[in-house]
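Keep the structure open beside you as you read.

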Amino acid sequence: MALTWGDDYPIHQTPEPVAYAGTDRNFYDRYFFNGYAPSDDGDEVFFAAAFGVYPHLNIADAAFCVMKDGKQVNLHASRWLEMERMDLTVGPIAITVLEPLKRLKLTVTAPEQGIAAEIVFEGRAFPIEEPRFVRRNGPRAFMDYTRLTQNGRYSGWVEVDGVRSGVDGFVGTRDRSWGVRPVGARDPQELAPPVLPQFFWLWAPCNFEDGGLFFHTNDDELGRAWNRRALWLGDGERELEFGGFAEASYAIHWKSGTRHARAATLDFGADGAMTVEPKREFFMLGLGYTHPTWGHGLNQGKLKVEREDFVTADLDRAVPQHLHVQALSDVTYVDGAGRTRRGRGVFEQLAIGPHAPSGFASILDMAP
């Protein structure tokens, strides 16, 4: 039997029951959240969460992270999906959709790991749709997915080791993505002929008093964008058509000995420009991205929950699994009319392999 809760809702996307998502074993369906104070108070909390469903691997996993005072506390959880895609819980981590495309609730109840949270996200505007991400390595599909992104405000609290911090008034971003990208165990058969790994990704959703600015790019090894978009969306607004800024480019100053940004400028032509000043780096490893043990979709057994702590200053920035970061940043946007807005956002970075504009020529050479 493959009938599940979802089959009683009008959400089928193939002629099969909801439990089946086409034929690609790498199909996934994912939630992501981050949150932070709208201004730096010197002793701030940054939190992030992720929740992934991998229908053809029959796995669901989730993570919740809290960063404060230079320490990142990460809660990992994984379970067998049992083909039930509508059950949005993995051990102590749960998501509740209170109002689709507007309000969601994140709950964490992990007393044995000393972590708890009750957080409600409310969108500031209708979600934006990013261009469909399609990328092949030779003849093999590497990525084919869709993502919505939404800036919002938070209410609630997080607690680590008995210390509770309120998040009322926090801002941040959530996204939902679904489709195909590498998940679970690595394919044992490499491409023929071998292809040098290359992936360059920047993502900068930013929050201002009256709205949000969105920018992302995927570049090839020569710096040519194969997926890029930038736009402004005011509070309460909704895109009437798929558009955005006509131009978008960037310049990055890399930290010596790393592939992490020291500063960046985003240029939107007639629509203005934004400067990015990274302040603190959150390591996406905590959410399972490139994690050697808690990678997305890996089979950890029927149910497994684990806490992992690290001091961010102690991490070796040259280790591959530490390349992927979201830098909490101060941002200044001067729009096309000359109006200046100051806000905060994340500047996500993942640069693997060559990227000519950055001066990267091999898999892991670092900035001089």
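## How strands are named

Strands here are DSSP runs of at least two residues, numbered from the N terminus. That naming is what you need for the second largest cavity, where S16 gives the most to the lining, with three residues. Please keep in mind throughout that this is a predicted model.

## Enclosed spaces

How many cavities of 30 Å³ or more turn up in a search of the whole structure? There are three. The largest cavity holds about 70 Å³ of space. Its lining is made up of 13 residues, and Asp61, Ala62, Ala63, Leu287 and Trp294 are the ones nearest its centre. Strands S2 (46–54), S3 (59–68) and S4 (71–80) each contribute at least two lining residues. By type, the lining of the largest cavity splits into seven nonpolar, four polar and two charged residues.

The second largest cavity has about 60 Å³ of space. Among the residues that line this cavity are Arg124, Phe126, Gln150, Asn151, Phe214 and Asp235. At least two lining residues come from each of strands S11 (140–160), S16 (211–219) and S17 (225–234). Here the division is four nonpolar, five polar and two charged.

Is aspartate 61 buried or exposed? Its relative accessible area is 8%, so aspartate 61 counts as buried.

The side chain of aspartate 61 makes a polar contact of 2.8 Å with the side chain of tyrosine 54. Setting aside neighbours within four places in sequence, aspartate 61 is in contact with several residues, including Arg30, Phe51, Tyr54, Ser78, Val90 and His296.

## The second largest pocket

Turning to open spaces, the second largest pocket has a volume of about 960 Å³. This pocket is lined by 29 residues, and those closest to its centre are Ile11, Asp29, Tyr31, Arg85 and Arg176. Strands S1 (27–36), S6 (93–99) and S13 (171–180) are the elements that give two or more residues to the lining.

Which element gives the largest share of the lining of this pocket? S13 does, with four residues. The lining of the second largest pocket comprises 17 nonpolar, six polar and six charged residues.

Histidine 322 sits in the loop between strand S21 (303–311) and S22. With a relative accessibility of 9%, histidine 322 is under the 20% limit and therefore counts as buried. A polar atom of the histidine 322 side chain lies 2.8 Å from the backbone oxygen of aspartate 316. Not counting residues up to four places away in sequence, histidine 322 touches His260, Phe283, Leu285, Leu315 and Asp316.

Valine 334 is found in strand S22 itself (residues 325–335). At 33% relative accessible area, valine 334 is partly exposed. Beyond residues up to four places away in sequence, valine 334 touches Asp271, Gly272, Ala273, Arg339 and Thr340. For a sense of distance, the C-alpha atoms of valine 334 and threonine 173 are separated by 21 Å, with the two residues 161 apart along the chain.

## Cysteines

If you are wondering about disulfides, the count comes to zero, taking a disulfide as a pair of cysteine sulfur atoms within 2.5 Å. Cysteine 65 is buried, with a relative accessible area of 0%. Cysteine 206 is buried too, at 1% relative accessibility.

## Backbone details to look for

Most residues other than glycine have a negative phi, and most peptide bonds are trans. Asparagine 58 is not a glycine, yet has a positive phi of about 60°. This residue lies in the loop between S2 and S3 and is partly exposed, at 25% relative accessibility. Aspartate 161 also has a positive phi, of about 55°, although it is not a glycine. Aspartate 161 is located in the loop between S11 and strand S12 (163–166).

Where does a cis peptide bond occur? One joins alanine 192 and proline 193, with omega at about -5°. Proline 193 has its place in the loop between S13 and strand S14 (199–203).

Note on methods:
Residues numbered from 1 in each chain as written. Predicted model: local features only at pLDDT ≥ 70, side-chain atom pairs only at ≥ 80, totals over all residues. Heavy atoms only, no water. 1 Å grid on protein atoms, 1.4 Å probe; cavity = no way out; pocket = protein on both sides within 12 Å on 5 of 7 lines; lining within 4 Å. Points joined across faces, edges and corners; volume = space filled by probe spheres on them. Nonpolar A, V, L, I, M, F, W, Y, C, P; charged D, E, K, R; others polar. Buried < 20%, exposed > 50% of the residue type's maximum accessible area, 1.4 Å probe, protein only. Contact = heavy atoms within 4.5 Å. Polar contact = N/O pair within 3.5 Å; in protein donor to acceptor, adjacent residues only side chain to side chain.
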